[in-house]
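Open the model in your viewer and keep the selection panel at hand. The stops below say what to select and what is there.

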Amino acid sequence: MSEPVQRPGFGAPAPRPKASPWPFAGMAMLAAGLFLTLASGPVTPWWGMVALILIWVAYLVRGLTWWTPHPTRVAWLAVAQLLTWFLVVNAGAAFLGWGD
């Protein structure tokens, strides 16, 4: 009798890697950034609001593309989005008279 042959692809499956919490935290922060962006409507002109929403969408798309390959970058991306929102709204108020 011959020995059993181990065929590739058959056998014990590899253990699944644990899911990283960082992309979930980053998406939660991006959701908070959306609420901040939408809440800044009374102090921004319509074109400023459109620009802020487009910036947020760009951050969201980048976060979705980094979800699996770079999970920790999603959280840092959300921090960058919140900082961008803060800087744009404050610069608009200081130099363009938003909120007057």
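**Stop 1: helix H1**

Select residues 22-39, helix H1. At 1.5 Å a residue, its 18 residues should span 26 Å, and the end C-alpha atoms are 26 Å apart, so the two agree. The expected span is 1.5 Å times one less than the number of residues. Helices (H or I, at least four residues) and strands (E, at least two) are DSSP runs, numbered from the N terminus.

This is a predicted model: local features need pLDDT of at least 70, side-chain atom pairs count only at pLDDT 80 or more, and totals for chains, interfaces and linings use all residues. Residues are numbered from 1 along each chain as its sequence is written, and side-chain values use heavy atoms, with hydrogens and water left out.

Now colour the buried residues of H1: Pro23, Gly26, Met27, Leu30, Gly33 and Thr37. Buried means under 20% relative accessible area, exposed over 50%, partly exposed in between (1.4 Å probe, protein chains only). Look down the axis of H1: its buried residues fall within an arc of 110°, so they line one face of the helix. The arc is that of the directions from the helix axis to the C-beta atoms. An α-helix has 3.6 residues a turn, so residues three or four places apart point the same way.

Turn to the other side of H1. Phe24, Ala28, Phe35 and Ala39 are exposed there.

**Stop 2: what covers H1**

Show helix H2 (46-65) and helix H3 (71-95); both are included in what covers the buried residues of H1. The chain has 3 helices and 0 strands.

Select Gln81 in helix H3. Is Gln81 buried or exposed? Gln81 is buried, at a relative accessible area of 2%. Leaving aside neighbours within four places in sequence, Gln81 is in contact (heavy atoms within 4.5 Å) with Leu30, Gly33, Thr37, Trp56 and Tyr59.

**Stop 3: the core**

Select Met27, Leu30, Trp56, Tyr59, Val74, Leu77 and Ala78, the 7 residues of the largest nonpolar core. Such a core is a set of buried Ala, Val, Leu, Ile, Met, Phe, Trp, Tyr and Cys residues joined through side-chain atoms within 4.5 Å. H1, H2 and H3 each supply at least two residues of this core. H3 gives the most, with 3 residues.

Centre on Val74. Not counting residues up to four places away in sequence, Val74 touches Pro23, Gly26, Met27, Gly63, Trp66 and Trp67.

**Stop 4: aromatic pairs**

How many aromatic pairs does a search of the whole structure find? The search finds 2. Rings of Phe, Tyr and Trp (its six-membered ring) pair if their centres lie within 6.5 Å; planes under 30 degrees apart count as stacked, over 60 as edge-to-face and the rest as tilted.

Select Phe24 and Trp67. Their ring centres are 4.9 Å apart and their planes at 85°, so the pair is edge-to-face. Phe24 lies in helix H1 and Trp67 in the loop between H2 and H3, so the pair ties together parts 43 residues apart in sequence. Trp67 is partly exposed, at 27% relative accessibility.

Next, select Trp47 and Trp98. Their ring centres are 5.7 Å apart and their planes at 75°, so this pair is edge-to-face. Trp47 lies in helix H2 and Trp98 in the segment after H3, so the pair ties together parts 51 residues apart in sequence. Trp47 is partly exposed, at 43%, whereas Trp98 is buried, at 11%.
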